[in-house]
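Subject: Structure handover

Hello,

Here is the structure I promised to pass on to you. Have a look at it first, and my notes follow below.

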Amino acid sequence: MKLAFLIFRYYPYGGLQRDCLRLANYCAEQGHEAHIFTMQWQGEQPKLVKLHLLPRKGFSNHQRALNFSNTVQPLLLGFDKVIGFDRMQVLDFYFAGDLCFAKTSREKHSFWFQLTARYRGFCKLEQQVFGKTAKTKIFVLTDQVKKTYQDYYQTPNERFILIPPGIKKQDYKSTTILDIKRACKQQLQFKREFNILQVGSDFKRKGIDRSIRAIGALPEELKQKTQLHIIGKGDMTVYRTLIKQLQLTNNINFLGAKDNITDYMLAADFLLHPAYFETAGMVIIEALTYGLPVIVTDNCGYAFHVEKADAGTIISTPFSEVQLSKALLAMLTQNKLDQYAKNALNYAANTDLYSMDERCLAEITR
């Protein structure tokens, strides 16, 4: 089949962007002709997928989105199926990796925002995907995402396709994971007794400020044994100011973006992910496959996997700094890390966390 994948912009450290490229590559590997249409591409260009760069027209994000949606339509003649990773018109399939725009806008802004061109533009695109009379089939990562969109658009059940996560399966055993972790700590020169990992390039949404404050709330003796390693790309200015205010210069380590985080996953003692919101949170699933316990907020779509695995702590909504501080202290002092690690590996070995691409392609070619 000849398949078109549409996304407004691609950058190598975005979760939705990685999903788009991975699925397009998988389809190409299975013998299909895959094309990606986008306005912006950062990073290495794909070898198996044909890339089409369209001009960025408009002075605002919503204008560019509307223009892209209109411009790409005549270019799709002759394609068997069109798969969108951003909301736009005339999609056969939409990969729902973003939160409902109408919902988040009404929660974050006053009524007057609903009168703006930005609100009307993005809601128009969202309506074209989720409206009751639309035909687009929708890949969703969690039932929570499905419910949110149905609350706003009354989208029929039969148009939603619940898909499993799609990550590389690891082959670590609980009997050897502790030795592997010790070796990785030495390799990366992690010298503190407790090394915490946080991953994500959208620092504000991922809750980096929450993590820093939680480290700052630790008892002084424990604080000296603990370091937070942050992988991701973003503006660190406001966080460096907070770190200085809390006198945590020696406790917070910004590592920048990394193409491969395997050694860091293995070297860390647990993952800290107190995000403000997260449609899914692939890094949560990745952590479990590496035997990495997790502290995560419950408004992350994949937080339920941590609970089902009994591999960490869920921070409930509404968020409380006190609750996060207590959870962090407990993780560092209650000697549960080894058991959580074993539970995570057992869950990853017996749960389908891997077949997203296969399931998507099966639906696309049905």
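Predicted model: local features only at pLDDT ≥ 70, side-chain atom pairs only at ≥ 80, totals over all residues.

For the structure, the disulfide count comes to zero.

Next, the nonpolar cores. The largest one has 67 residues, and the members that touch the most others are Phe5, Ile36, Phe85 and Leu197. Helix H1, which covers residues 15-29, gives the most to this core, with eight residues. There is also a second, separate core of 32 residues, with Val72, Leu76, Leu91 and Ala102 among them.

At 36% relative accessibility, Gly15 counts as partly exposed. Gly15 and Leu3 are 12 residues apart along the chain, and their C-alpha atoms are separated by 21 Å.

Helix H2 is worth a look as well. H2 runs over residues 61-72, 12 residues in total, and reaches 16 Å from its first C-alpha to its last, close to the 16 Å expected. Which residues of H2 are buried? They are His62, Arg64, Ala65, Phe68, Ser69 and Val72. Viewed down the axis of H2, these buried residues fall within an arc of 160°, so they line one face of the helix. As a reminder, an α-helix has 3.6 residues a turn, so residues three or four places apart point the same way. The cover over the buried residues of H2 includes strand S1 (2-6), strand S3 (33-38) and helix H4 (117-130).

Finally, the aromatic residues. How many aromatic pairs does the structure hold? The count is 16. One of them is the edge-to-face pair of Tyr94 and Phe130, at 5.7 Å centre to centre with 85° between the planes. This pair links distant parts of the chain, with Tyr94 in strand S7 (residues 93-95) and Phe130 in helix H4, 36 residues apart. Tyr94 counts as buried at 0% relative accessibility, and Phe130 likewise counts as buried at 0%.

Another pair is formed by Phe101 and Phe122, and it is tilted, with 5.2 Å centre to centre and 55° between the planes. Here, too, distant parts of the chain are linked: Phe101 sits in helix H3 (residues 101-108) and Phe122 in helix H4, 21 residues apart. Both Phe101 and Phe122 are buried. Going back to Tyr94 and Phe130, these two form one aromatic cluster together with Tyr149 and Tyr153.

Happy to talk any of this through once you have had a look.

Best wishes

Methods:
Residues numbered from 1 in each chain as written. Heavy atoms only, no water. Helix = DSSP H or I, 4+ residues; strand = E, 2+ residues; numbered from the N terminus. Expected span 1.5 Å × (residues − 1). Buried < 20%, exposed > 50% of the residue type's maximum accessible area, 1.4 Å probe, protein only. Arc of directions from axis to C-beta. Contact = heavy atoms within 4.5 Å. Core = buried A, V, L, I, M, F, W, Y, C linked by side-chain atoms within 4.5 Å. Disulfide = S-S within 2.5 Å. Phe/Tyr/Trp six-rings, centres within 6.5 Å; stacked < 30°, edge-to-face > 60°.
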